[in-house]
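Hi there,

Here is the structure I promised to pass on.

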Amino acid sequence: MPGPDAVFAWQGDEPEPRRGEPTGDGWECGDALVRAVPGAAGLDVSVEAAAPLSRVALRWDRPQPEGSLVLGDAWERAYGDLRWEPPRPERLLPWYWLATTPDGGVRGAGVRVRPAAFCGWTVDLTGTTLWLDVRSGPEPVRLAGRRLELATVVTWEGAVGVPPFEALQGLCSALCSDPLLPSVPVFGSNNWYYAYGVGFDASAVLRDADVVRRAMPASDGSPYCVIDAGWSEGGTAPGGPWDRGWKSFSDMASVADSIRDAGCRPGLWFRPLLSREPVPGARDERLGDDWPLDPSRPETLALVGESIRGFREWGYELVKHDFSTYDVFGRFLPRSDVASGPTRWRFADASRTTAEILVDLYRTVRDAAGDATVLGCNTVGHLAAGLEHVHRVGDDTSGRQWERTRRMGVNALAFRLAQHGRFFAVDADCIPSTPATPWELNRQFLELVAASGTATFVSVDPTTLDARVASDLERAAALAVAGGAPGGVAPLDWQSTPTPRRWRVGAEQRTYAWERPWGADLEMDGS
(Lines give C-alpha, C1' and ligand atoms only; values in the text may rest on other atoms or scores of the structure.)
Protein backbone atom coordinates (compact mmCIF):
# COMPACT_ATOMS: atom_id res chain seq x y z
CA MET A 1 0.00 0.00 0.00
CA PRO A 2 1.39 3.43 -0.82
CA GLY A 3 2.11 5.86 1.99
CA PRO A 4 -0.49 8.45 2.95
CA ASP A 5 -0.75 11.83 1.26
CA ALA A 6 -1.11 13.64 4.60
CA VAL A 7 -0.62 12.85 8.28
CA PHE A 8 -2.07 14.57 11.36
CA ALA A 9 -1.64 14.19 15.11
CA TRP A 10 -3.62 15.57 18.06
CA GLN A 11 -1.42 16.28 21.06
CA GLY A 12 -2.93 16.41 24.53
CA ASP A 13 -6.47 17.80 24.40
CA GLU A 14 -5.82 20.14 21.47
CA PRO A 15 -8.98 20.53 19.36
CA GLU A 16 -6.99 21.04 16.15
CA PRO A 17 -4.33 18.64 14.87
CA ARG A 18 -0.72 19.26 13.95
CA ARG A 19 -0.24 18.60 10.24
CA GLY A 20 2.77 16.45 9.54
CA GLU A 21 5.82 17.79 7.74
CA PRO A 22 7.59 15.11 5.71
CA THR A 23 11.08 14.21 6.90
CA GLY A 24 13.45 11.50 5.84
CA ASP A 25 12.06 9.24 8.56
CA GLY A 26 8.34 9.98 8.40
CA TRP A 27 6.16 12.96 9.30
CA GLU A 28 6.82 15.40 12.11
CA CYS A 29 3.56 16.53 13.74
CA GLY A 30 4.61 18.92 16.49
CA ASP A 31 6.80 16.77 18.72
CA ALA A 32 5.26 13.51 17.42
CA LEU A 33 6.99 11.50 14.73
CA VAL A 34 4.70 9.27 12.64
CA ARG A 35 6.12 6.59 10.38
CA ALA A 36 4.33 4.56 7.69
CA VAL A 37 6.71 1.98 6.26
CA PRO A 38 5.94 -0.91 3.87
CA GLY A 39 6.34 -4.23 5.66
CA ALA A 40 5.79 -7.91 4.96
CA ALA A 41 2.05 -7.78 5.78
CA GLY A 42 1.16 -4.22 4.79
CA LEU A 43 1.95 -0.64 5.69
CA ASP A 44 3.36 -0.54 9.24
CA VAL A 45 2.31 2.63 11.07
CA SER A 46 4.11 3.73 14.24
CA VAL A 47 4.45 6.87 16.35
CA GLU A 48 6.84 8.35 18.88
CA ALA A 49 5.88 11.30 21.06
CA ALA A 50 7.39 12.96 24.09
CA ALA A 51 4.17 14.86 24.90
CA PRO A 52 0.78 13.23 25.60
CA LEU A 53 -0.98 12.11 22.41
CA SER A 54 -4.69 11.56 21.63
CA ARG A 55 -5.09 10.69 17.95
CA VAL A 56 -3.27 10.15 14.69
CA ALA A 57 -4.90 10.37 11.25
CA LEU A 58 -3.60 9.27 7.85
CA ARG A 59 -5.20 10.57 4.66
CA TRP A 60 -5.11 9.04 1.17
CA ASP A 61 -6.39 11.19 -1.70
CA ARG A 62 -7.84 8.38 -3.77
CA PRO A 63 -11.31 9.25 -5.12
CA GLN A 64 -14.23 6.90 -4.58
CA PRO A 65 -16.48 6.59 -7.64
CA GLU A 66 -19.95 8.08 -7.42
CA GLY A 67 -22.54 5.36 -7.01
CA SER A 68 -20.35 3.30 -4.67
CA LEU A 69 -21.73 1.50 -1.64
CA VAL A 70 -19.57 1.20 1.47
CA LEU A 71 -19.58 -1.26 4.39
CA GLY A 72 -17.67 -1.15 7.68
CA ASP A 73 -17.48 -3.32 10.79
CA ALA A 74 -18.57 -2.84 14.44
CA TRP A 75 -16.50 -1.71 17.44
CA GLU A 76 -17.50 -4.77 19.46
CA ARG A 77 -20.91 -6.41 18.91
CA ALA A 78 -23.23 -5.29 16.13
CA TYR A 79 -26.45 -3.67 17.32
CA GLY A 80 -28.64 -4.24 14.28
CA ASP A 81 -26.85 -1.29 12.64
CA LEU A 82 -24.56 -2.84 10.02
CA ARG A 83 -25.50 -2.02 6.43
CA TRP A 84 -24.20 -0.93 3.04
CA GLU A 85 -24.55 2.81 2.40
CA PRO A 86 -23.31 5.47 -0.01
CA PRO A 87 -20.12 7.18 1.22
CA ARG A 88 -20.76 9.63 4.05
CA PRO A 89 -17.71 11.62 5.25
CA GLU A 90 -19.03 11.81 8.84
CA ARG A 91 -19.65 8.07 9.14
CA LEU A 92 -16.85 6.26 10.98
CA LEU A 93 -16.28 2.67 9.85
CA PRO A 94 -14.60 0.60 12.57
CA TRP A 95 -11.53 -1.46 11.70
CA TYR A 96 -12.07 -1.97 7.95
CA TRP A 97 -14.09 -0.83 4.96
CA LEU A 98 -15.21 -2.40 1.70
CA ALA A 99 -16.72 -0.58 -1.27
CA THR A 100 -18.46 -1.75 -4.42
CA THR A 101 -18.09 0.37 -7.52
CA PRO A 102 -20.65 0.94 -10.29
CA ASP A 103 -18.53 -1.08 -12.74
CA GLY A 104 -18.77 -4.19 -10.55
CA GLY A 105 -15.43 -3.84 -8.77
CA VAL A 106 -14.79 -4.27 -5.06
CA ARG A 107 -12.01 -2.71 -3.03
CA GLY A 108 -11.27 -1.91 0.57
CA ALA A 109 -8.74 -1.59 3.34
CA GLY A 110 -8.35 -2.39 7.02
CA VAL A 111 -5.92 -2.79 9.87
CA ARG A 112 -4.61 -6.16 10.91
CA VAL A 113 -6.06 -7.60 14.11
CA ARG A 114 -4.77 -6.60 17.54
CA PRO A 115 -3.62 -3.06 16.70
CA ALA A 116 -2.49 -0.72 19.50
CA ALA A 117 -5.26 1.80 18.77
CA PHE A 118 -9.00 1.94 18.17
CA CYS A 119 -8.98 2.29 14.39
CA GLY A 120 -11.78 3.62 12.21
CA TRP A 121 -12.08 4.81 8.62
CA THR A 122 -13.97 7.57 6.88
CA VAL A 123 -14.62 7.19 3.16
CA ASP A 124 -15.71 10.07 0.93
CA LEU A 125 -15.72 10.85 -2.76
CA THR A 126 -12.23 12.37 -2.66
CA GLY A 127 -10.40 9.84 -0.51
CA THR A 128 -10.13 7.86 2.72
CA THR A 129 -8.86 8.66 6.21
CA LEU A 130 -7.66 6.25 8.87
CA TRP A 131 -8.30 7.53 12.41
CA LEU A 132 -6.22 6.00 15.20
CA ASP A 133 -7.45 6.71 18.74
CA VAL A 134 -4.45 6.22 21.03
CA ARG A 135 -5.95 7.52 24.26
CA SER A 136 -5.48 5.69 27.53
CA GLY A 137 -9.01 5.75 28.87
CA PRO A 138 -10.23 9.37 28.77
CA GLU A 139 -6.70 10.80 28.82
CA PRO A 140 -4.03 11.24 26.13
CA VAL A 141 -1.54 8.39 26.25
CA ARG A 142 1.85 9.23 27.76
CA LEU A 143 4.38 7.42 25.60
CA ALA A 144 7.36 9.35 26.98
CA GLY A 145 9.28 8.69 23.79
CA ARG A 146 8.24 5.02 23.49
CA ARG A 147 7.81 3.93 19.91
CA LEU A 148 4.26 2.62 19.59
CA GLU A 149 3.56 0.19 16.74
CA LEU A 150 0.08 1.45 15.99
CA ALA A 151 -1.28 -0.76 13.22
CA THR A 152 -0.54 -2.53 9.96
CA VAL A 153 -2.70 -1.27 7.11
CA VAL A 154 -3.78 -3.71 4.39
CA THR A 155 -5.56 -2.95 1.13
CA TRP A 156 -7.68 -5.38 -0.87
CA GLU A 157 -8.89 -5.10 -4.45
CA GLY A 158 -10.92 -7.73 -6.25
CA ALA A 159 -11.40 -8.34 -9.91
CA VAL A 160 -14.57 -7.03 -11.52
CA GLY A 161 -17.37 -9.46 -10.83
CA VAL A 162 -16.12 -10.79 -7.49
CA PRO A 163 -19.19 -11.06 -5.21
CA PRO A 164 -18.98 -8.59 -2.31
CA PHE A 165 -19.31 -11.38 0.28
CA GLU A 166 -16.32 -13.23 -1.17
CA ALA A 167 -14.41 -9.94 -1.26
CA LEU A 168 -15.10 -9.37 2.42
CA GLN A 169 -13.92 -12.91 3.19
CA GLY A 170 -10.70 -12.15 1.31
CA LEU A 171 -10.15 -8.90 3.19
CA CYS A 172 -10.75 -10.61 6.56
CA SER A 173 -8.25 -13.35 5.66
CA ALA A 174 -5.66 -10.68 4.88
CA LEU A 175 -6.24 -9.00 8.26
CA CYS A 176 -5.64 -12.08 10.44
CA SER A 177 -2.98 -14.75 9.95
CA ASP A 178 -3.47 -16.52 13.31
CA PRO A 179 -7.16 -17.17 14.04
CA LEU A 180 -7.89 -19.24 17.14
CA LEU A 181 -10.54 -21.80 16.19
CA PRO A 182 -12.42 -24.36 18.31
CA SER A 183 -11.18 -27.93 18.27
CA VAL A 184 -14.73 -29.32 18.49
CA PRO A 185 -18.08 -28.20 17.04
CA VAL A 186 -19.64 -25.45 19.15
CA PHE A 187 -23.34 -26.13 19.68
CA GLY A 188 -25.65 -26.78 22.58
CA SER A 189 -27.71 -24.95 25.18
CA ASN A 190 -27.57 -21.71 27.13
CA ASN A 191 -30.31 -21.06 29.68
CA TRP A 192 -30.34 -17.26 29.49
CA TYR A 193 -33.14 -16.65 26.98
CA TYR A 194 -35.80 -18.48 28.92
CA ALA A 195 -34.43 -18.10 32.49
CA TYR A 196 -32.82 -14.64 32.31
CA GLY A 197 -30.88 -15.49 35.45
CA VAL A 198 -34.03 -15.85 37.58
CA GLY A 199 -35.78 -18.85 39.06
CA PHE A 200 -33.37 -21.53 37.94
CA ASP A 201 -31.07 -23.75 39.96
CA ALA A 202 -28.65 -26.62 39.50
CA SER A 203 -31.49 -29.08 38.87
CA ALA A 204 -32.80 -26.85 36.05
CA VAL A 205 -29.32 -26.80 34.50
CA LEU A 206 -29.23 -30.59 34.55
CA ARG A 207 -32.69 -30.64 33.00
CA ASP A 208 -31.30 -28.38 30.24
CA ALA A 209 -28.42 -30.79 29.73
CA ASP A 210 -30.80 -33.71 29.43
CA VAL A 211 -33.07 -31.81 27.04
CA VAL A 212 -30.30 -30.66 24.73
CA ARG A 213 -28.58 -34.05 24.73
CA ARG A 214 -31.79 -35.82 23.73
CA ALA A 215 -32.92 -33.11 21.31
CA MET A 216 -29.51 -32.52 19.71
CA PRO A 217 -27.88 -35.97 19.53
CA ALA A 218 -24.68 -36.00 17.55
CA SER A 219 -22.49 -39.05 17.16
CA ASP A 220 -19.39 -37.00 16.36
CA GLY A 221 -19.59 -34.46 19.18
CA SER A 222 -21.22 -33.57 22.45
CA PRO A 223 -23.26 -30.41 22.93
CA TYR A 224 -22.21 -27.76 25.41
CA CYS A 225 -24.48 -26.91 28.32
CA VAL A 226 -23.57 -23.36 29.33
CA ILE A 227 -24.61 -21.97 32.70
CA ASP A 228 -25.20 -18.26 32.17
CA ALA A 229 -25.62 -15.52 34.79
CA GLY A 230 -27.43 -16.43 37.99
CA TRP A 231 -25.15 -19.16 39.36
CA SER A 232 -23.37 -16.72 41.65
CA GLU A 233 -24.70 -14.35 44.27
CA GLY A 234 -25.64 -10.86 43.13
CA GLY A 235 -28.42 -10.96 40.55
CA THR A 236 -28.70 -11.39 36.80
CA ALA A 237 -25.49 -9.59 35.76
CA PRO A 238 -23.44 -9.87 38.92
CA GLY A 239 -19.85 -9.18 39.72
CA GLY A 240 -17.40 -11.54 41.39
CA PRO A 241 -15.68 -12.91 43.29
CA TRP A 242 -15.91 -16.04 41.18
CA ASP A 243 -14.44 -18.62 43.52
CA ARG A 244 -17.84 -19.90 44.67
CA GLY A 245 -21.45 -20.35 43.63
CA TRP A 246 -24.50 -19.95 45.82
CA LYS A 247 -27.50 -21.96 46.97
CA SER A 248 -27.80 -25.07 44.77
CA PHE A 249 -24.61 -23.99 42.93
CA SER A 250 -22.50 -24.17 46.09
CA ASP A 251 -20.55 -27.14 44.65
CA MET A 252 -19.75 -26.03 41.10
CA ALA A 253 -17.40 -28.98 40.49
CA SER A 254 -20.25 -31.39 41.23
CA VAL A 255 -22.53 -29.47 38.84
CA ALA A 256 -19.91 -29.77 36.09
CA ASP A 257 -19.60 -33.51 36.73
CA SER A 258 -23.36 -33.94 36.52
CA ILE A 259 -23.52 -32.04 33.21
CA ARG A 260 -20.80 -34.30 31.85
CA ASP A 261 -22.60 -37.40 33.12
CA ALA A 262 -25.66 -36.19 31.20
CA GLY A 263 -23.62 -36.30 27.99
CA CYS A 264 -22.78 -32.60 27.62
CA ARG A 265 -19.70 -30.43 27.92
CA PRO A 266 -20.06 -27.99 30.86
CA GLY A 267 -19.63 -24.27 30.16
CA LEU A 268 -19.71 -21.27 32.49
CA TRP A 269 -20.41 -17.51 32.20
CA PHE A 270 -18.66 -14.82 34.22
CA ARG A 271 -18.07 -11.07 34.30
CA PRO A 272 -14.34 -10.56 34.88
CA LEU A 273 -14.17 -6.79 35.50
CA LEU A 274 -16.80 -6.30 38.19
CA SER A 275 -16.74 -7.31 41.85
CA ARG A 276 -19.30 -7.14 44.63
CA GLU A 277 -16.42 -6.95 47.08
CA PRO A 278 -13.44 -4.57 47.17
CA VAL A 279 -10.51 -6.55 45.80
CA PRO A 280 -7.01 -5.67 44.58
CA GLY A 281 -7.37 -3.84 41.26
CA ALA A 282 -10.75 -2.28 42.12
CA ARG A 283 -11.37 1.35 41.22
CA ASP A 284 -12.25 3.95 43.85
CA GLU A 285 -15.50 4.88 42.08
CA ARG A 286 -18.26 2.30 42.34
CA LEU A 287 -20.75 1.20 39.71
CA GLY A 288 -23.98 0.93 41.67
CA ASP A 289 -23.19 -1.40 44.55
CA ASP A 290 -20.22 -2.99 42.77
CA TRP A 291 -16.59 -2.16 42.13
CA PRO A 292 -15.35 -2.08 38.51
CA LEU A 293 -11.81 -3.41 38.15
CA ASP A 294 -8.97 -1.66 36.34
CA PRO A 295 -7.53 -4.04 33.69
CA SER A 296 -4.36 -1.94 33.41
CA ARG A 297 -3.37 -3.11 36.89
CA PRO A 298 -1.50 -6.42 37.27
CA GLU A 299 -3.59 -7.26 40.35
CA THR A 300 -6.72 -7.33 38.17
CA LEU A 301 -5.19 -9.58 35.54
CA ALA A 302 -3.92 -11.91 38.27
CA LEU A 303 -7.45 -12.13 39.73
CA VAL A 304 -9.00 -12.79 36.29
CA GLY A 305 -6.50 -15.55 35.59
CA GLU A 306 -7.03 -17.09 39.02
CA SER A 307 -10.82 -17.16 38.49
CA ILE A 308 -10.55 -18.91 35.14
CA ARG A 309 -8.06 -21.47 36.42
CA GLY A 310 -10.60 -22.17 39.17
CA PHE A 311 -13.29 -22.83 36.55
CA ARG A 312 -10.97 -25.27 34.83
CA GLU A 313 -10.26 -27.05 38.12
CA TRP A 314 -14.03 -27.38 38.62
CA GLY A 315 -14.14 -29.10 35.22
CA TYR A 316 -15.70 -26.49 32.91
CA GLU A 317 -14.72 -26.87 29.26
CA LEU A 318 -16.01 -23.52 27.98
CA VAL A 319 -15.54 -20.10 29.57
CA LYS A 320 -17.82 -17.27 28.45
CA HIS A 321 -16.47 -13.90 29.58
CA ASP A 322 -18.85 -10.98 29.28
CA PHE A 323 -19.34 -7.22 29.87
CA SER A 324 -15.65 -6.27 29.72
CA THR A 325 -16.23 -3.49 27.16
CA TYR A 326 -19.10 -2.10 29.22
CA ASP A 327 -17.04 -2.27 32.40
CA VAL A 328 -14.15 -0.38 30.75
CA PHE A 329 -16.13 2.25 28.80
CA GLY A 330 -19.11 2.58 31.12
CA ARG A 331 -21.40 1.91 28.16
CA PHE A 332 -21.89 -0.38 25.18
CA LEU A 333 -20.33 0.68 21.87
CA PRO A 334 -22.83 0.61 19.02
CA ARG A 335 -21.48 1.95 15.76
CA SER A 336 -22.02 5.68 15.50
CA ASP A 337 -20.89 8.73 13.58
CA VAL A 338 -18.21 9.46 16.15
CA ALA A 339 -15.16 7.58 17.33
CA SER A 340 -15.27 4.93 20.04
CA GLY A 341 -14.75 7.73 22.56
CA PRO A 342 -13.05 7.80 25.93
CA THR A 343 -13.63 5.31 28.69
CA ARG A 344 -15.59 6.27 31.77
CA TRP A 345 -12.64 5.66 34.09
CA ARG A 346 -8.96 6.50 34.03
CA PHE A 347 -6.44 3.71 33.96
CA ALA A 348 -3.73 3.43 36.59
CA ASP A 349 -1.27 2.88 33.76
CA ALA A 350 -1.50 5.92 31.46
CA SER A 351 1.49 4.81 29.38
CA ARG A 352 -0.55 2.25 27.42
CA THR A 353 -3.48 2.77 25.09
CA THR A 354 -6.94 1.40 25.78
CA ALA A 355 -6.45 -1.02 22.89
CA GLU A 356 -3.19 -2.34 24.36
CA ILE A 357 -4.80 -2.80 27.78
CA LEU A 358 -7.74 -4.73 26.33
CA VAL A 359 -5.48 -7.00 24.29
CA ASP A 360 -3.56 -7.83 27.47
CA LEU A 361 -6.86 -8.67 29.22
CA TYR A 362 -7.92 -10.99 26.40
CA ARG A 363 -4.50 -12.65 26.39
CA THR A 364 -4.78 -13.22 30.15
CA VAL A 365 -8.14 -14.94 29.66
CA ARG A 366 -6.78 -17.08 26.84
CA ASP A 367 -3.67 -18.17 28.71
CA ALA A 368 -5.59 -19.04 31.88
CA ALA A 369 -8.22 -21.04 29.97
CA GLY A 370 -5.71 -23.65 28.83
CA ASP A 371 -7.51 -26.20 26.66
CA ALA A 372 -10.98 -24.80 27.44
CA THR A 373 -12.93 -23.03 24.70
CA VAL A 374 -13.01 -19.25 25.18
CA LEU A 375 -16.20 -17.42 24.14
CA GLY A 376 -16.00 -13.63 24.25
CA CYS A 377 -19.21 -11.62 24.63
CA ASN A 378 -19.12 -7.81 24.63
CA THR A 379 -15.47 -8.05 23.67
CA VAL A 380 -13.84 -6.02 20.89
CA GLY A 381 -13.56 -8.58 18.11
CA HIS A 382 -10.75 -6.94 16.19
CA LEU A 383 -8.64 -6.82 19.34
CA ALA A 384 -9.64 -10.31 20.51
CA ALA A 385 -9.09 -12.17 17.22
CA GLY A 386 -6.49 -14.85 17.81
CA LEU A 387 -7.20 -14.77 21.57
CA GLU A 388 -10.73 -16.22 21.71
CA HIS A 389 -12.17 -19.24 19.94
CA VAL A 390 -15.71 -17.89 19.62
CA HIS A 391 -16.91 -14.29 19.37
CA ARG A 392 -20.44 -13.02 19.97
CA VAL A 393 -20.88 -10.83 16.92
CA GLY A 394 -24.21 -9.21 17.79
CA ASP A 395 -26.22 -7.83 20.67
CA ASP A 396 -28.62 -10.15 22.50
CA THR A 397 -31.36 -12.02 20.72
CA SER A 398 -34.53 -12.52 22.76
CA GLY A 399 -36.76 -15.17 24.24
CA ARG A 400 -39.33 -12.48 24.95
CA GLN A 401 -39.75 -10.73 21.62
CA TRP A 402 -39.01 -12.11 18.16
CA GLU A 403 -38.37 -8.67 16.66
CA ARG A 404 -35.14 -8.35 18.64
CA THR A 405 -33.84 -11.67 17.31
CA ARG A 406 -34.63 -10.56 13.76
CA ARG A 407 -33.03 -7.16 14.19
CA MET A 408 -29.92 -8.23 16.10
CA GLY A 409 -29.30 -11.85 15.17
CA VAL A 410 -29.95 -11.82 11.44
CA ASN A 411 -28.05 -8.54 10.95
CA ALA A 412 -25.00 -9.75 12.87
CA LEU A 413 -24.89 -13.10 11.07
CA ALA A 414 -25.21 -11.51 7.63
CA PHE A 415 -22.66 -8.75 8.00
CA ARG A 416 -20.02 -10.48 10.15
CA LEU A 417 -20.24 -14.03 8.81
CA ALA A 418 -17.20 -13.34 6.60
CA GLN A 419 -15.09 -13.27 9.79
CA HIS A 420 -16.02 -16.87 10.60
CA GLY A 421 -12.97 -19.10 10.43
CA ARG A 422 -10.81 -16.10 9.59
CA PHE A 423 -10.82 -14.24 12.93
CA PHE A 424 -12.57 -16.81 15.17
CA ALA A 425 -15.77 -18.85 15.13
CA VAL A 426 -18.76 -16.53 14.86
CA ASP A 427 -21.61 -16.69 17.40
CA ALA A 428 -24.77 -14.86 16.32
CA ASP A 429 -26.33 -15.65 19.74
CA CYS A 430 -28.95 -18.10 20.92
CA ILE A 431 -32.03 -19.31 19.12
CA PRO A 432 -34.82 -19.34 21.74
CA SER A 433 -37.76 -21.67 22.04
CA THR A 434 -40.15 -19.95 24.43
CA PRO A 435 -43.90 -19.41 24.75
CA ALA A 436 -43.43 -15.70 23.97
CA THR A 437 -41.70 -16.14 20.60
CA PRO A 438 -43.06 -17.92 17.49
CA TRP A 439 -41.19 -21.12 16.69
CA GLU A 440 -42.00 -20.86 12.96
CA LEU A 441 -39.75 -17.76 12.90
CA ASN A 442 -37.13 -19.00 15.38
CA ARG A 443 -36.71 -22.24 13.44
CA GLN A 444 -35.73 -20.31 10.29
CA PHE A 445 -32.96 -18.57 12.22
CA LEU A 446 -31.92 -21.93 13.70
CA GLU A 447 -31.69 -23.49 10.24
CA LEU A 448 -29.62 -20.60 8.88
CA VAL A 449 -27.22 -20.47 11.84
CA ALA A 450 -26.63 -24.23 11.78
CA ALA A 451 -26.15 -24.23 8.00
CA SER A 452 -23.57 -21.45 8.32
CA GLY A 453 -21.34 -23.66 10.48
CA THR A 454 -21.17 -20.96 13.16
CA ALA A 455 -21.76 -21.55 16.88
CA THR A 456 -25.29 -22.91 17.31
CA PHE A 457 -26.67 -22.31 20.80
CA VAL A 458 -30.32 -22.77 21.71
CA SER A 459 -32.26 -21.66 24.77
CA VAL A 460 -35.17 -24.08 25.19
CA ASP A 461 -37.95 -23.58 27.67
CA PRO A 462 -38.84 -27.21 28.48
CA THR A 463 -42.56 -26.44 28.18
CA THR A 464 -42.06 -25.76 24.45
CA LEU A 465 -40.20 -28.96 23.58
CA ASP A 466 -42.78 -30.76 21.46
CA ALA A 467 -42.09 -33.23 18.64
CA ARG A 468 -41.76 -30.47 16.03
CA VAL A 469 -39.21 -28.47 18.03
CA ALA A 470 -37.26 -31.62 18.91
CA SER A 471 -37.09 -32.66 15.26
CA ASP A 472 -35.85 -29.23 14.18
CA LEU A 473 -33.19 -29.23 16.91
CA GLU A 474 -31.96 -32.67 15.87
CA ARG A 475 -31.54 -31.57 12.25
CA ALA A 476 -29.71 -28.42 13.38
CA ALA A 477 -27.33 -30.45 15.56
CA ALA A 478 -26.46 -32.71 12.65
CA LEU A 479 -25.69 -29.68 10.49
CA ALA A 480 -23.63 -28.04 13.23
CA VAL A 481 -21.51 -31.15 13.81
CA ALA A 482 -20.95 -31.46 10.05
CA GLY A 483 -19.61 -27.89 9.98
CA GLY A 484 -22.68 -26.49 8.26
CA ALA A 485 -24.04 -26.90 4.76
CA PRO A 486 -21.43 -27.88 2.13
CA GLY A 487 -20.19 -24.61 0.68
CA GLY A 488 -21.56 -22.62 3.62
CA VAL A 489 -24.07 -19.79 3.38
CA ALA A 490 -23.93 -16.21 2.14
CA PRO A 491 -26.38 -13.30 2.16
CA LEU A 492 -27.58 -12.32 -1.31
CA ASP A 493 -29.72 -9.20 -0.84
CA TRP A 494 -27.59 -7.69 1.92
CA GLN A 495 -26.78 -4.56 -0.06
CA SER A 496 -30.42 -3.49 0.02
CA THR A 497 -31.50 -4.45 3.55
CA PRO A 498 -29.92 -4.76 7.02
CA THR A 499 -31.75 -8.09 7.58
CA PRO A 500 -31.32 -10.12 4.39
CA ARG A 501 -34.12 -12.44 3.34
CA ARG A 502 -32.42 -14.13 0.39
CA TRP A 503 -29.45 -16.41 1.12
CA ARG A 504 -27.32 -18.95 -0.65
CA VAL A 505 -27.42 -22.10 1.49
CA GLY A 506 -24.99 -24.62 0.07
CA ALA A 507 -25.85 -24.81 -3.63
CA GLU A 508 -29.43 -23.57 -3.13
CA GLN A 509 -31.01 -20.15 -2.88
CA ARG A 510 -33.51 -19.79 -0.06
CA THR A 511 -35.80 -16.97 1.02
CA TYR A 512 -36.61 -16.49 4.69
CA ALA A 513 -39.70 -14.65 5.91
CA TRP A 514 -38.51 -12.84 9.01
CA GLU A 515 -41.55 -10.61 9.57
CA ARG A 516 -44.74 -11.44 11.39
CA PRO A 517 -47.95 -11.10 9.35
CA TRP A 518 -48.41 -7.52 10.57
CA GLY A 519 -44.74 -6.63 10.10
CA ALA A 520 -42.31 -5.67 12.85
CA ASP A 521 -43.30 -5.39 16.50
CA LEU A 522 -43.28 -1.71 17.43
CA GLU A 523 -42.71 -2.06 21.16
CA MET A 524 -39.20 -3.13 22.12
CA ASP A 525 -38.86 -4.32 25.71
CA GLY A 526 -35.05 -4.25 25.73
CA SER A 527 -34.80 -7.98 26.49
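**A partly exposed alanine, and what lies around it**

Ala 262 has a relative accessibility of 27%, so it counts as partly exposed (buried is under 20% relative accessible area, exposed is over 50%, and partly exposed is in between, with a 1.4 Å probe and protein chains only). Before going on, please note that this is a predicted model, in which local features need pLDDT of at least 70 and side-chain atom pairs count only at pLDDT 80 or more, while totals for chains, interfaces and linings use all residues. Residues are numbered from 1 along each chain as its sequence is written, and side-chain values use heavy atoms, with hydrogens and water left out.

Back to Ala 262: you will find it in the loop between α4 (252–261) and β17 (265–270). Helices (H or I, at least four residues) and strands (E, at least two) are DSSP runs, numbered from the N terminus. Setting aside neighbours within four places in sequence, Ala 262 is in contact with Ala 209 and Arg 213 (contact means heavy atoms within 4.5 Å).

**The parallel sheet**

β17 belongs to an open sheet of nine strands with parallel pairing, in the order β23-β22-β21-β20-β17-β16-β15-β25-β24 (two strands pair if DSSP finds at least two bridges between them). The edges are β23 (425–427) and β24 (431–433); each has a single partner strand, so one side of each is left without a neighbour in the sheet. From one strand to the next, the twist averages 25°. Axes here are lines fitted to C-alpha atoms, for helices over the stretch in contact, and angles run from 0 to 180 degrees between N-to-C directions.

Within this sheet, β15 (residues 187–190) pairs with β16 (residues 224–227) in the parallel sense over three bridges. β15 and β25 also pair in the parallel sense over three bridges.

**The antiparallel sheet**

There is also an open sheet of eight strands with antiparallel pairing, ordered β3-β4-β5-β6-β14-β11-β10-β8. Its edge strands, β3 (21–23) and β8 (69–72), each pair on one side only. The twist in this sheet averages 20° from one strand to the next. β5 (residues 32–38) and β6 (residues 43–49) run antiparallel and are joined by seven bridges, with Val 34 opposite Val 47 in β6. Helix α1 (residues 164–175) lies across β8, β10 (96–100), β11 (106–111) and β14 (148–158), at about 150° to β10.

**The core**

Which residues have the most contacts inside the largest nonpolar core? They are Leu 150, Ile 227, Trp 231 and Trp 503, in a core of 166 residues. (A nonpolar core is a set of buried Ala, Val, Leu, Ile, Met, Phe, Trp, Tyr and Cys residues joined through side-chain atoms within 4.5 Å.) Helix α7 (residues 354–369) supplies the largest share of this core, nine residues. Not counting residues up to four places away in sequence, Trp 231 touches residues including Phe 200, Trp 242, Arg 244 and Trp 314.
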